[in-house]
Number of protein chains: 2
Amino acid sequence: MDVDIGNALASVASPGVSRDSLERLDEQVADAHERIEDGMANGEHGYEALNLPDRTDPDEIRRAVEPVADAEALVTVGIGGSALGAATITEALDSDTKTVYLDNVDPAWVTAELERLPLENTAINVVSRSGTTAETLANFLVVREAFEDAGVDWTERTIVTTGESGPLRDLSERHDLPSLKVPDGVPGRFSALSAVGMVAAAVCGHDLEALLEGATAEADTLSGSLFDCPAYAYGATSYALDARGAGMNAMVPYAESLETYSEWFAQLWAESLGKDDLGQTPLRALGVTDQHSQLQLYRAGPRDKVVTFVTPREADDRAIPDTEVDDLAYLGDATLGELLDAEFEATEASLAAAGRPNVRIELERVDEYELGGLLYGMEAACVLAGELYGVNTFEQPAVEWAKKATRGLLGGGEFEEADAVAEKTELRVER
Amino acid sequence: MDVDIGNALASVASPGVSRDSLERLDEQVADAHERIEDGMANGEHGYEALNLPDRTDPDEIRRAVEPVADAEALVTVGIGGSALGAATITEALDSDTKTVYLDNVDPAWVTAELERLPLENTAINVVSRSGTTAETLANFLVVREAFEDAGVDWTERTIVTTGESGPLRDLSERHDLPSLKVPDGVPGRFSALSAVGMVAAAVCGHDLEALLEGATAEADTLSGSLFDCPAYAYGATSYALDARGAGMNAMVPYAESLETYSEWFAQLWAESLGKDDLGQTPLRALGVTDQHSQLQLYRAGPRDKVVTFVTPREADDRAIPDTEVDDLAYLGDATLGELLDAEFEATEASLAAAGRPNVRIELERVDEYELGGLLYGMEAACVLAGELYGVNTFEQPAVEWAKKATRGLLGGGEFEEADAVAEKTELRVER
């Protein structure tokens with residue numbers, strides 16, 4: 001990926017960061033890069049994620065999915081980092097294999113999604129590091145039952161990705177299922193380029209080597225200066241803008257195929273940096289659609305956000321037909337792609353003209369190689385930002401409370417968190 | 001809808017609003033309500049939206065869609081307020097009619113969506129007040145061509161909703177298409193309960209009367225005190241929390257069917273309130289999914305947001321099957337619905353325990369009546385908030401710049417905005 005931070009400069013935008021400030025920040029980037037390099041070299045928890053392009057074995061993943069290589073559809077049962085990396089890859093790329101992600105436990109929705117699947121020719125990809133994630137295990141039990149009810153042997157169609165031990169590991173051994181290991185030292189939100197993200201990609205027939213090669217090319221740019229490394233340029237600029245008041249970061253790809261990528265980025269950014277009362281809030285958006293929804297706010301609301309555009313330089317195109325209506329004649333000379341590009345450039349310029357900071361990330365096109373680079377680049381950007389904030393990038397302690405309360409409420413043990421639920425303060429206004 | 005603002009009180013959360021502050025704010029609410037009532041009585045621009053439950057004629061809408069009443073699929077061509085209201089309704093409710101919303105101009109995506117449609121049995125719903133919206137008109141030209149290429153007469157399958165004049169009105173007259181009028185004085189984002197949102201609902205066979213009756217029931221609660229009116233309680237609390245530092249409002253329905261509702265709310269809130277350097281930024285989220293993505297940030301990040309939960313009291317359910325794995329046995333005693341409810345209560349309590357403000361909106365269930373109430377209630381909440389902020393709720397001037405620049409870039413006239421695009425400040429960091 002290439003990054004253009006010109007519209008984040010103080011000469012253009014407020015908040016903005018001056019060239020001088022960036023030069024000074026670059027000294028911190030150099031120090032942070034040393035810590036990151038050390039963490040990678042020592043395989044430290046979290047930093048190990050940046051080693052995945054070297055560690056992940058595409059052959060092992062392809063072997064595991066061989067029994068379902070001809071599946072017409074794939075249902076992935078996972079939530080958060082166990083779903084979003086895989087979904088980002090398979091939604092971005094074309095495939096004949098239909099994909100469904102069961103990342104919620106809404107009963108009507110789960111039932112409707114299962115009914116849309118040709119179960120006799122559907123593969124199951126179940127992912128949970130701990131093997132105890134309530135939503136994932138509940139859904140997996142439901143999926144198994146649905147296959148059984150349809151007379152389809154789920155044990156012949158299921159691939160498990162989980163930790164070394166735990167209920168899901170036990171289950172995969174009991175039923176002799178092909179299984180892969182969630183790599184040690186890699187938090188879920190950083191695991192797209194491991195089996196966690198790539199089993200689905202393999203079932204869909206995507207080029208796993210190209211995904212990893214793109215990531216490697218991005219890894220090769222990691223260096224001691226933000227001016228030499230697109231990922232660090234992005235991470236450092238986002239951090240600097242947050243420090244100057246841009247507490248939100250709107251991720252706006254100008255490609256429908258990258259809509260799920262915004263979801264993935266939102267988890268990466270929120271869960272890694274959102275702690276100790278710090279962290280920039282990710283906004284999930286989409287060009288051009290959100291020009292007609294969020295642009296008014298981005299351009300004229302509080303000066304509290306940076307907008308990140310992601311734009312592929314090349315894409316398939318389609319001509320806009322001529323029309324008999326004079327006022328629309330100009331459209332007939334263009335293509336949908338030209339309209340999309342013009343809207344992107346216009347929106348970017350409209351924010352700059354209003355002094356609102358924005359950053360452009362350019363990809364050659366949306367393919368495996370570029371996507372691997374984008375995912376890796378954003379992960380590296382996030383790790384750098386975590387160093388600059390001084391937070392514990394790779395933990396997510398604040399989600400434990402609700403997990404315990406949920407388990408307590410369902411009778412899965414005694415947890416004082418569950419008792420707090422009953423003590424809610426109410427001030428009701430009713431119809 | 002019922003609203004519970006207990007967890008937004010200063011006794012629970014920081015930022016939070018004290019009972020005393022709410023009492024004082026209620027005096028402003030009373031004044032704002034008078035202005036709103038006057039605006040409604042005089043049919044003033046924008047306020048007129050709150051009269052829609054009385055003004056919208058379901059019979060007229062049903063007559064217009066009669067030629068396509070048995071369509072297998074419906075493609076709606078519109079963007080922003082011309083799509084989100086309709087999409088919110090049809091995505092929330094079950095129907096045998098498949099719906100597609102062309103609200104973006106990404107060429108590969110438009111092509112793929114069209115290929116998924118059975119054109120010979122697909123209805124077209126094209127919506128643009130001005131009749132000149134570039135994205136909508138370009139897509140409509142593409143859709144027409146696709147129908148022609150498939151040998152299907154699009155003029156027999158198209159319903160137009162547009163203003164009194166303009167290219168789309170001309171076109172509908174030339175081809176004698178059934179057409180409806182975007183109501184005067186109602187901005188797009190407030191038009192869900194007019195033909196703009198309800199043509200799609202009619203094609204999908206939803207109960208239009210129930211939608212309007214639910215809205216009327218909500219309208220009947222509008223009164224001079226936030227303590228008597230759920231919509232005002234919500235609008236006033238959001239405003240008060242923003243004033244105390246909660247510059248973001250995360251909309252988190254615990255129902256997959258309401259995912260698009262969050263998109264609709266995000267436009268309503270952003271475009272209405274985001275001006276004059278003011279406005280609370282909407283975050284689009286979904287329970288339980290985002291517990292594994294955004295909750296860490298919401299609970300432990302900066303104290304700059306309020307979380308709004310939307311939860312239906314009743315929904316279809318599905319048992320979680322028993323399992324042979326001891327550690328998961330507790331799940332087998334529950335249903336997916338009970339898990340969903342427990343996760344909601346646990347998440348709500350986990351935010352309160354961390355002193356993070358949140359608001360609960362309860363619906364009886366997700367049906368036409370409750371949905372009509374929710375949409376109307378949120379619109380009224382937004383209008384009230386606009387009064388409290390003192391902004392021009394019903395305009396969106398900041399989006400005009402980019403529209404002109406786009407048109408200029410495509411050769412649709414001379415616009416100085418287009419020239420600014422070429423003058424972009426660059427600071428590129430390349431791979």
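This is a predicted model: local features need pLDDT of at least 70, side-chain atom pairs count only at pLDDT 80 or more; totals for chains, interfaces and linings use all residues.
**Relation of the chains**

Six strands form an open sheet in the order β11(A)-β1(B)-β10(B)-β9(B)-β7(B)-β8(B), and their pairing is mixed. At its edges lie β11 (428-429) of chain A and β8 (281-284) of chain B, each of which pairs on one side only. Helix α11 (residues 259-273) of chain B packs on this sheet, where it touches β7 (248-253), β8 and β9 (305-312) of chain B. The direction of α11(B) makes about 170 degrees with that of β8(B).

Inside the sheet, β1 (residues 2-4) and β10 (residues 358-363) of chain B are antiparallel and share three bridges. One residue of this region, D2(B), has E362(B) as its bridge partner in β10(B).

**A covered strand in chain A**

Is strand β4 (residues 122-128) of chain A mostly covered or mostly open? It is mostly covered, with seven of its seven residues buried. T122(A), I124(A), V126(A) and S128(A) point one way from β4(A), while A123(A), N125(A) and V127(A) point the other way; all are buried.

β4(A) has parallel partners. Strand β2 (residues 73-77) of chain A runs parallel to β4(A) and is joined to it by five bridges; here V77(A) has V126(A) as its bridge partner. Strand β5 (residues 158-162) of chain A also pairs with β4(A) in the parallel sense, over five bridges. In that pairing, the partner of N125(A) in β5(A) is I159(A).

**Helix α14 of chain A**

Helix α14 (residues 336-353) of chain A has 18 residues. From first C-alpha to last it reaches 25 Å, close to the 26 Å expected at 1.5 Å a residue. Because 14 of its 18 residues are buried, α14(A) is largely enclosed by the rest of the structure. After α14(A) comes G355(A), which has a positive phi near 70 degrees.

**The nonpolar core**

The largest nonpolar core holds 124 residues, and Y298(A) and Y298(B) have the most contacts inside it. Leaving aside residues up to four places away in sequence, the residues that Y298(B) touches include A250(B), V252(B), L283(B), V307(B) and L351(B). K305(B) and R356(B) are also among them.

Most residues other than glycine have a negative phi, and most peptide bonds are trans. The sites below depart from this in each chain.

| Site | Backbone value |
|---|---|
| S14(A) to P15(A) | cis, omega near 0 degrees |
| S14(B) to P15(B) | cis, omega about 0 degrees |
| D277(A) | positive phi, near 60 degrees |
| D277(B) | positive phi, about 60 degrees |

P15(A) lies in the loop between β1 (2-4) and α1 (19-41) of chain A, and P15(B) in the loop between β1 and α1 (19-41) of chain B. D277(A) is in the loop between α11 (259-273) and β8 (281-284) of chain A, and D277(B) in the loop between α11 and β8 of chain B. D277(A) has 42% relative accessibility, so it counts as partly exposed. D277(B), at 40%, therefore also counts as partly exposed.

Conventions: Residues are numbered from 1 along each chain as its sequence is written. Chains are lettered from A and ligands numbered from 1 in the order in which they are written. Side-chain values use heavy atoms; hydrogens and water are left out. Two strands pair if DSSP finds at least two bridges between them. Helices (H or I, at least four residues) and strands (E, at least two) are DSSP runs, numbered from the N terminus. Contact means heavy atoms within 4.5 Å. Axes are lines fitted to C-alpha atoms, for helices over the stretch in contact, and angles run from 0 to 180 degrees between N-to-C directions. The expected span of a helix is 1.5 Å times one less than its number of residues. Buried means under 20% relative accessible area, exposed over 50%, partly exposed in between (1.4 Å probe, protein chains only). A nonpolar core is a set of buried Ala, Val, Leu, Ile, Met, Phe, Trp, Tyr and Cys residues joined through side-chain atoms within 4.5 Å.
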